[in-house]
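Q: Could you walk me through this model, starting with the core and then moving on to sheets, rings and backbone details?

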Amino acid sequence: MSSEDKVIPSGSNTSENVSSKTIEQLMKLLSMGEELTPTQQKQMKDYKFWKTQPVPSLDEKIDAEGEIDATKTPDQIPDSPLPLLGSFEWSTIDIEDKDQLEEVYQLLYEHYVEDNDATFRFKYSHEFFGWSLKAPGWRKDWHVGVRVKDSKKLVGFISAVPITLKLNKSNKTIPSVEINFLCIHKKLRSKRLAPVLIKEITRRVNKQNIWQALYTAGVVLPSPVSVCRYTHRPINWTKLHDVGFSHLPSNQTKASMVANYSLPNTTKTKGLRPMKYADLDQVYDLNGKFHQKFELIQTFSKPELAHWLLGSASATDTVSNVIKTYVVENEDGKITDFFSYYLLPFTVLNNPIHNELGIAYLFYYASESDGEENYKQRLNGLITDALITSKQFDVDVFNCLTSQDNSYFIKDAKFGSGDGFLNYYLFNYKTWPIHGGIDPQTKEVVDDQTSGVGVVLL
């Protein structure tokens with residue numbers, strides 16, 4: 001697993017150094033299989049697993065867009081799972097069974113991602129798994145586990161969720177899946193279970209006549225279609241300092257740091273309110289129109305959009321504790337903007353003062369504001385209001401990537417650039433590189449330049 005000794009944010013109004021126990025450090029550990037090694041320069045021959053898969057080679061010059069392997073059909077795919085080492089067995093996980101869901105929760109909590117000092121861990125909730133794994137069209141057999149035969153202990157997991165991708169430049173729609181939550185028990189990572197899990201989820205997805213997947217990793221694999229950078233906006237600087245996340249710069253005082261990151265108690269955008277199911281039709285139209293500007297997007301059905309923005313695909317009075325979405329409604333009832341973010345806290349280990357960090361992650365947003373300057377001003381106001389609303393959910397730091405139009409507000413909203421990068425990959429499909437909101441050489445955030453990445457993965 002890779003990590004950085006120190007992260008020095010740029011693009012903010014302070015010279016604050018962030019300690020090694022950082023959020024982007026945890027993000028960077030979310031990798032795909034055997035490449036859970038320190039970041040290093042590799043050649044294609046060094047990727048024992050990935051060189052056998054239908055993915056572009058490192059530094060391959062893309063001369064045409066399309067499927068890499070378009071020869072197979074579902075009836076050519078084996079009906080039986082791949083063989084495992086004798087002491088293990090496959091297990092299809094029923095996440096609607098509370099006991100099995102608890103097993104997934106415990107496996108990911110203990111073994112999914114942890115910083116080197118064992119200070120922070122993702123604190124997934126059962127509700128988060130329900131939201132992230134049960135989108136419309138989800139399949140039970142796409143939640144794949146590996147158990148120890150004798151004890152039946154769950155020691156590996158991987159999931160797929162159906163999504164529809166679109167490449168706007170070529171106007172191509174691609175039925176796909178999002179691959180997520182690849183996790184192997186720490187003591188079994190020498191058993192090469194990860195490549196087998198990836199192959200098995202691929203087999204199960206292929207049986208449904210789906211041949212492409214979108215996935216992300218913090219390390220470089222063959223071969224990224226885009227690279228985005230993590231940025232972080234402190235909300236509760238004092239708490240971040242207490243847990244060792246944020247250090248006090250030598251030229252600052254604690255009071256000056258708190259003042260720098262202080263936010264109003266009330267939002268400023270007129271007509272801002274939480275989204276309701278009755279808003280779905282307008283938000284659907286607004287989102288669809290807005291995202292045509294990006295090169296790679298996810299297209300949604302209305303039930304899918306309701307699920308991802310409200311936590312449910314049908315009308316319900318239940319308020320999600322995971323996804324928060326706000327709309328802006330003008331006086332005549334028209335919705336002109338929306339933004340959303342999801343909540344995924346960290347457990348703080350071995351700290352005498354705090355046991356949890358509240359974390360928010362920017363999700364989808366849209367605005368119908370016309371004109372570049374008007375739009376930038378509007379977007380800055382919306383994101384500032386998103387930061388303000390997040391305080392009521394005990395958020396301590398707000399994260400976003402350099403995807404979508406995020407570079408329009410990153411600097412003004414005091415997001416600091418981290419050292420973490422997220423590589424986007426398309427499985428069995430090649431397309432031209434997509435701008436990720438950072439300079440390809442320096443990796444610095446490119447202010448006021450839109451990204452081509454319009455899809456947000458968990």
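The chat below takes up these topics in turn.

Q: What should I know about numbering and confidence before we start?
A: This is a predicted model, in which local features need pLDDT of at least 70 and side-chain atom pairs count only at pLDDT 80 or more, while totals for chains, interfaces and linings use all residues. Residues are numbered from 1 along each chain as its sequence is written, and side-chain values use heavy atoms, with hydrogens and water left out.

Q: OK, how many residues does the largest nonpolar core have, and which have the most contacts inside it?
A: The largest nonpolar core has 101 residues, and Leu108, Tyr124, Phe363 and Phe409 are those with the most contacts inside it. A nonpolar core here is a set of buried Ala, Val, Leu, Ile, Met, Phe, Trp, Tyr and Cys residues joined through side-chain atoms within 4.5 Å, where buried means under 20% relative accessible area, exposed means over 50% and partly exposed is in between, with a 1.4 Å probe and protein chains only.

Q: Which strand gives the most to this core?
A: Strand 15 (residues 359-367) does, with eight residues; helices (H or I, at least four residues) and strands (E, at least two) are DSSP runs, numbered from the N terminus.

Q: And where does this core lie relative to the domains?
A: Because domain 1 (28-56 + 68-223) and domain 2 (227-430) both give residues to this core, it lies between them; the domain bounds come from an automatic or database domain assignment. A second, separate core of 32 residues includes Val146, Ile184, Ile210 and Leu221.

Q: Is strand 4 buried or exposed?
A: Five of the six residues of strand 4 (residues 143-148) are buried, so this strand is largely enclosed by the rest of the structure. In the hairpin of strand 4 and strand 5, which has five residues between the strands, Lys152 takes a positive phi near 65 degrees.

Q: What's the strand order in the open sheet of three strands?
A: The order is 3-13-14, with antiparallel pairing. Strand 3 (120-122) and strand 14 (356-357) stand at the edges with a single partner strand each, so one side of each is left without a neighbour in the sheet. Three bridges join strand 3 to strand 13 (residues 346-348), and Thr347 in strand 13 is the bridge partner of Arg121.

Q: Switching to rings, how many aromatic pairs are there?
A: The count comes to 31 aromatic pairs, taking rings of Phe, Tyr and Trp (its six-membered ring) as paired if their centres lie within 6.5 Å, with planes under 30 degrees apart counted as stacked, over 60 as edge-to-face and the rest as tilted. One of them is formed by Tyr124 and Phe181, whose ring centres are 5.6 Å apart with the planes at 85 degrees, so the pair is edge-to-face. This pair links distant parts of the chain, with Tyr124 in the loop between strand 3 and helix 3 (126-133) and Phe181 in strand 6 (residues 172-184), 57 residues apart. Both Tyr124 and Phe181 are buried.

Q: What about Tyr342 and Tyr361?
A: Tyr342 and Tyr361 form a stacked aromatic pair, 4.9 Å centre to centre with 10 degrees between the planes. Tyr342 is in strand 12 (residues 335-343) and Tyr361 in strand 15, 19 residues apart. Tyr342 is buried at a relative accessible area of 6%, and Tyr361 counts as buried at 6% relative accessibility.

Q: How many disulfides turn up?
A: A search of the whole structure finds zero disulfides, a disulfide being a pair of cysteine sulfur atoms within 2.5 Å. Cys228 is buried, with a relative accessible area of 0%, and Cys400 is buried at 3%.

Q: Last one: where is the cis peptide bond?
A: A cis peptide bond joins Pro222 and Ser223, with omega about -15 degrees, and Ser223 is in the loop between strand 7 (212-217) and strand 8 (226-234).

Key. Pairing = 2+ DSSP bridges.
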